[in-house]
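Dear colleague,

I am passing on the structure below, together with some notes on what turned up in it. Please read them with the model open beside you.

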Number of protein chains: 2
Amino acid sequence: MSSSAETTPLVAVVMAGGAGTRFWPLSRCCRPKQLLPFAGGRSLLAAAVERLSPLVPASRTLVVTSSLLVDAVRDDLAGLPAENVLAEPAGRDTAACVGWVAWRLARTSPGAVMVVVPADHVIPDGATLRAALAAAAATAVERGGLVTLGLRVTRPETGFGYLELGDGVGAAAGHEVYAVRRFVEKPERARAEAFLAAGNFRWNSGMFAWTVAAIEGAIRAHLPALAAGLDAMMAAADDVGEAEALARFYPQLPRVSVDFGVMEKASPVWAVAVDFEWSDVGSWLGLAELLPASPAGVTMGDVVALGSERCVLVSDGPLVAALGVQDLVVVATRDAVLVVPKDQVQRVKELVARLREEGRDELL
Amino acid sequence: MSSSAETTPLVAVVMAGGAGTRFWPLSRCCRPKQLLPFAGGRSLLAAAVERLSPLVPASRTLVVTSSLLVDAVRDDLAGLPAENVLAEPAGRDTAACVGWVAWRLARTSPGAVMVVVPADHVIPDGATLRAALAAAAATAVERGGLVTLGLRVTRPETGFGYLELGDGVGAAAGHEVYAVRRFVEKPERARAEAFLAAGNFRWNSGMFAWTVAAIEGAIRAHLPALAAGLDAMMAAADDVGEAEALARFYPQLPRVSVDFGVMEKASPVWAVAVDFEWSDVGSWLGLAELLPASPAGVTMGDVVALGSERCVLVSDGPLVAALGVQDLVVVATRDAVLVVPKDQVQRVKELVARLREEGRDELL
């Protein structure tokens, strides 16, 4: 079945517009998670692009980011043509991001298959990911509709969305493919446990494949306001150029995720069942799970630890000297130092909110 | 009795040669405790000099420090004549320091009374200190011998030396004066408790008064090798200048404290009983006791604390953001960050030793 996908041009779309505060003070508004050197010294974004490249060459890889980040992203991705980094003038969530790329491709490569991945995940086994994306692309071509990668559920995680699988419909490139019965938003603990026990649930990976025609059709069907905005924006681009058209229309596009706005409503939706090591690196703890640990815990950068245990010690400049501390996260940069117990890392957003209130914009 | 002291020129000697690691990373080899801004934004040294000035003017205040620190000390003490800052080419403990000053004064002001104080103590009530030093100076003139200030014992402290008082011999300038029976080095806890209960013990403050003749005589009697070295150094200074003579002789002077080498052996030794708020600021905890506390604890510099309690949070540059931590010391500078529980601050010296082993001299 994969022969059709192999003859259909794949276009990779790497969504790199995210902003977030969970890695403050290492992450800043101009340097969010996807640009942090969490992939063995490289950025998560650079690793994501490299991971795809044996499947999709740089010439057919598009990275969508925010205009604030576009220069940093181009610097980070020296191997990618500069024009393949697309800048959103404002973040409008993933449906607008995916729609913009689809509307552009409809003009230049209307027969393309898009494989869409986030920029900020860690997936050590690139070959297995590429095989899964090839299977998803093949499914998109063979079966039509929209395709998502469904990750095996290994714990009752309350931080992810889930897919409920319906009937298996066979295999694509060695991967089992299922009809998706429904999408479930982040569940409470008891529901998550039930999903784990049920066996026919998968984590929604945020990685997709579809033909340009299929996603365009699904957006026209389920997000007509977005479709109208994209139509108007593309028409305006012919008159005033893309930059001016983007500035005029993009910030007004509906703000909705592709999961909620399209995937949950579209039909058919297929899930390719995958099972590879994967992390969305959701916090310092998520990062810690990915790195080799010493008795002191996990360290990055210039760190000395004495009599310390199970810590996350990160330096982006100053020496971090930890003496006799346990289960503590310490992150030091030139201008800010965070100290927080591991079990309270989710409160970093409170701290960032406080700094914003106090007008400490230089630290955000 | 104080009339004699008032007609005898007082010379203040501020001992500012100390080096130490207990305030690392804020203290460095070129910026030890006495130069840290622990006196309401000023250095402890500047506060010590100012505190004395109504009793002893800057023109008769001598500050003894190390050659490494002499420029920093002169910068810190803009109101003091530069030549009043004396630089030891090597640290040889307090007997050599005091002896050098006494030998110099024997030539220029042989009738002077020296009042000797450390540079790194906190004494909020300067007027009471000055009255006590005036009483000590008066005692030195009236009774001869060596005089020390004996601080009231308020807890069974194991970190200080003690004086056992003998008979009271009357009052000087409103202060009770006692013969000192013996000096006791830092005691074990049980002994410290016994001293507290006994009532006739005082903490050895490290603050002294004596005439130039009395200390010279005591050094000649009890530290003849030091006296010989000082004699030779002063003679050489006439030939080759003081700097060359210091370089040649000072590093070979016996290394001994004035307490152990002179005070414990000399007779008579008097103690002026004093009772003022005093701290030798022995550690971050000692500093914390001196500063106003919020629920988060004690903070200095750019600090944001959320949900944190009883901490010591110090910044000399970067923002320190403490989130949900208790009883923790965090000290951040541009190039190093220390994180240690309050009950383990004494281990900072281990950390500094480790950095020295690793050749991280730029951080020491």
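**Notes on the model**

B:Arg310 counts as partly exposed, because 15 C-beta neighbours lie inside 10 Å of this residue. Please keep in mind throughout that this is a predicted model. The residue sits in the loop that runs between strand E11 (303-306) and strand E12 (311-316) of chain B, and B:Arg310 has a positive phi of about 55° although it is not a glycine. A second residue of this kind is B:Ala173, which is not a glycine either and has a positive phi of about 50°. B:Ala173 is placed in the loop between E6 and strand E7 (175-184) of chain B, and there it counts as buried, because it has 20 C-beta neighbours inside 10 Å.

**The chain as a whole**

For chain A, the secondary structure comes to 12 helices and 15 strands. The radius of gyration of chain A is 21 Å, close to the 21 Å that the globule rule gives for 364 residues, so the chain is as compact as a globular protein of that length. Along the principal axes, the C-alpha atoms of chain A fill a box of roughly 60 × 50 × 35 Å, and 49% of the 364 residues of the chain count as buried. Of the contacts in chain A with a separation of 6 or more, 65% are between residues 24 or more positions apart.

Chain A is divided into domain 1 (2-274) and domain 2 (290-363), and the C-alpha centres of these two domains lie 31 Å apart. Where the domains of chain A meet, six residues of domain 1 are in contact with 11 residues of domain 2; by class, the domain 1 side of this contact has four nonpolar, one polar and one charged residues.

**Inside the chains**

Two strands of chain A are worth looking at for how they are covered and paired. In strand E9 (residues 269-274) of chain A, five of the six residues are buried, so this strand is largely enclosed by the rest of the structure. Strand E5 (residues 146-152) of chain A runs parallel to E9(A), with six bridges joining them, and one of the pairs sets A:Gly150 against A:Ala273 in E9(A). Strand E7 (residues 175-184) of chain A pairs with E9(A) in the antiparallel sense over three bridges, with A:Trp270 in E9(A) as the bridge partner of A:Ala179. Strand E2 (residues 61-66) of chain A is also mostly covered, since five of its six residues are buried. Strand E1 (residues 10-15) of chain A pairs with E2(A) in the parallel sense over four bridges, and A:Val64 in E2(A) is the bridge partner of A:Met15.

The peptide bond from A:Trp24 to A:Pro25 is cis, with omega near 5°, and A:Pro25 has its place in the loop between E1 and helix H2 (44-52) of chain A. In chain B the peptide bond from B:Trp24 to B:Pro25 is cis, with omega near 10°.

In the loop between strand E5 (146-152) and strand E6 (162-172) of chain B you will find B:Gly161, which is buried, with 20 other C-beta atoms within 10 Å. Leaving aside residues up to four places away in sequence, B:Gly161 touches B:Phe183, B:Val184, B:Glu185, B:Lys186, B:Asn204 and B:Asp259.

**How the two chains meet**

A rotation of 180° with 0.0 Å of shift along its axis superposes chain A on chain B, with an RMSD of 0.0 Å, and the two copies are therefore related as by a two-fold rotation axis. Among the residues of chain A, A:Arg334 comes closest to the rotation axis, at 3.1 Å for its C-alpha. The same surface serves both copies, as 100% of the contact residues of chain A recur in chain B.

In this interface, 29 residues of chain A are in contact with 29 residues of chain B. The elements of chain A that give two or more residues to its side include strand E13 (319-323), strand E15 (336-341) and helix H12 (348-357), and the largest share, six residues, comes from E15(A). By class, the chain A side has 22 nonpolar, two polar and five charged residues. Strands also pair across the two chains: four bridges join E13(A) to strand E15 (residues 336-341) of chain B, and these strands run parallel. Within E15(B), B:Leu338 stands opposite A:Ala321.

With best wishes

Key. Residues numbered from 1 in each chain as written. Chains lettered and ligands numbered in written order. Predicted model: local features only at pLDDT ≥ 70, side-chain atom pairs only at ≥ 80, totals over all residues. Contact = placed C-beta atoms within 7 Å. Nonpolar A, V, L, I, M, F, W, Y, C, P; charged D, E, K, R; others polar. Pairing = 2+ DSSP bridges. Domains from an automatic or database assignment. Least-squares fit on C-alpha atoms with pLDDT ≥ 70 in both. Rg over C-alpha atoms; globule rule 2.2 N^0.38 Å. Buried ≥ 20, exposed ≤ 12 C-beta atoms within 10 Å, placed from the backbone.
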